Amino acid sequence: MPLLSASLRTDIVVFRDPPSNPSLRAELLAMPAEDQRVREGPVTNDAGALDAMRAVDQKNQARLHAILERVGWPKAADVGGDGVAATWLMVQHDISAIKRWLPAMRTAVDAGELPPADWAL
C-alpha cells in the first residue's frame, strides 16, 4: 500500500447519461493512476525511483497542458465527475498549471462543476 495516495473525488456532478467524451475521460483517469503507480511502496531517495516519478510527472503535465489548451477545463458532462477530479488532481502537481488554470477552475466552481474547496486549494 502506498504511503502517499490520492483518491479521486466523485462528489462533483453526477449525470445519468454516460460522459460524452469517454476517450478523454479514460485519458484523464489514466494520469493519476500512473502517477500513483510510480509512487507505490516506501518513499526512498533511490535515484531510479525519483527519475521514474519525474518522467511520469513531465509526461503527464505535457499531455494535460495540451488537453487543457485544446478543450479548456473539462465539464462533468464530457468526462464525468471523476474525470474532472482527475484533472484537478493533476493540475495540483505544477504551480504554473495552477496559476494558468485558476480562472477556469473558478468558472467551473461557479457552474457547479468543481467543489469550492478544490478551487480554494
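Reply: Helices are DSSP runs of H or I with at least four residues, strands are runs of E with at least two, and both are numbered from the N terminus. This is a predicted model, in which local features need pLDDT of at least 70 and side-chain atom pairs count only at pLDDT 80 or more, while totals for chains, interfaces and linings use all residues. Residues are numbered from 1 along each chain as its sequence is written, and side-chain values use heavy atoms, with hydrogens and water left out.

The protein has five helices and zero strands, so that its elements follow the order α-α-α-α-α from the N terminus. A residue is called buried under 20% relative accessible area, exposed over 50%, and partly exposed in between, using a 1.4 Å probe and protein chains only. Of the 121 residues, 36% count as buried. A contact means heavy atoms within 4.5 Å. Among contacts with a separation of 6 or more, 73% join residues 24 or more positions apart.

With 25 residues, helix 2 spans 36 Å from its first C-alpha to its last, close to the 36 Å expected at 1.5 Å a residue; the expected span is 1.5 Å times one less than the number of residues. The N-terminal end of helix 2 is capped by Asp46, which places a side-chain oxygen 3.2 Å from the backbone nitrogen of Gly48. After helix 2 comes Gly72, with a positive phi near 75°.

The buried residues of helix 2 are Val56, Asn60, Gln61, Leu64, Ile67 and Leu68. Their cover includes helix 1, helix 3 and helix 4. Asn60 counts as buried because its relative accessible area is 4%. Its side chain comes within 3.3 Å of the backbone oxygen of Met31. That is a polar contact, defined as a pair of N or O atoms within 3.5 Å; within protein, one must be able to donate a hydrogen and the other to accept it, and residues adjacent in sequence count only if both atoms are side-chain atoms. Apart from residues up to four places away in sequence, Asn60 touches Met31, Glu34, Asp35 and Met90.

The nonpolar core widens the view. A nonpolar core is a set of buried Ala, Val, Leu, Ile, Met, Phe, Trp, Tyr and Cys residues joined through side-chain atoms within 4.5 Å. The largest one holds 22 residues, and Leu28, Leu64, Trp73, Val91 and Leu114 touch the most other members. At least two residues of this core come from each of helix 1 (22-37), helix 2 (47-71), helix 3 (76-91) and helix 4 (95-110). Helix 3 is the greatest contributor, giving eight residues. In soluble globular proteins, nonpolar side chains tend to be buried together.

Gly81 lies in helix 3 and is buried, with a relative accessible area of 9%. The C-alpha atoms of Gly81 and Arg25 are 9.4 Å apart, although 56 residues separate them along the chain. Leu89, also placed in helix 3, is buried as well, at 14% relative accessible area. Leu89 and Met31 are 58 residues apart in sequence, and their C-alpha atoms are 9.4 Å apart. In helix 1 there is Ala33, which is partly exposed at 49%; its C-alpha is 9.2 Å from that of Ala86, 53 residues away along the chain. Helix 4 contains Arg106, which is partly exposed at 36%. From Arg106 to Asp118 there are 12 residues in sequence and 9.5 Å in space, C-alpha to C-alpha.

One further feature concerns a ring. The charged end of Arg100 sits over the ring of Trp101, 4.0 Å from its centre; this requires NZ of Lys or CZ of Arg within 6 Å of the ring centre and within 35 degrees of the ring normal.
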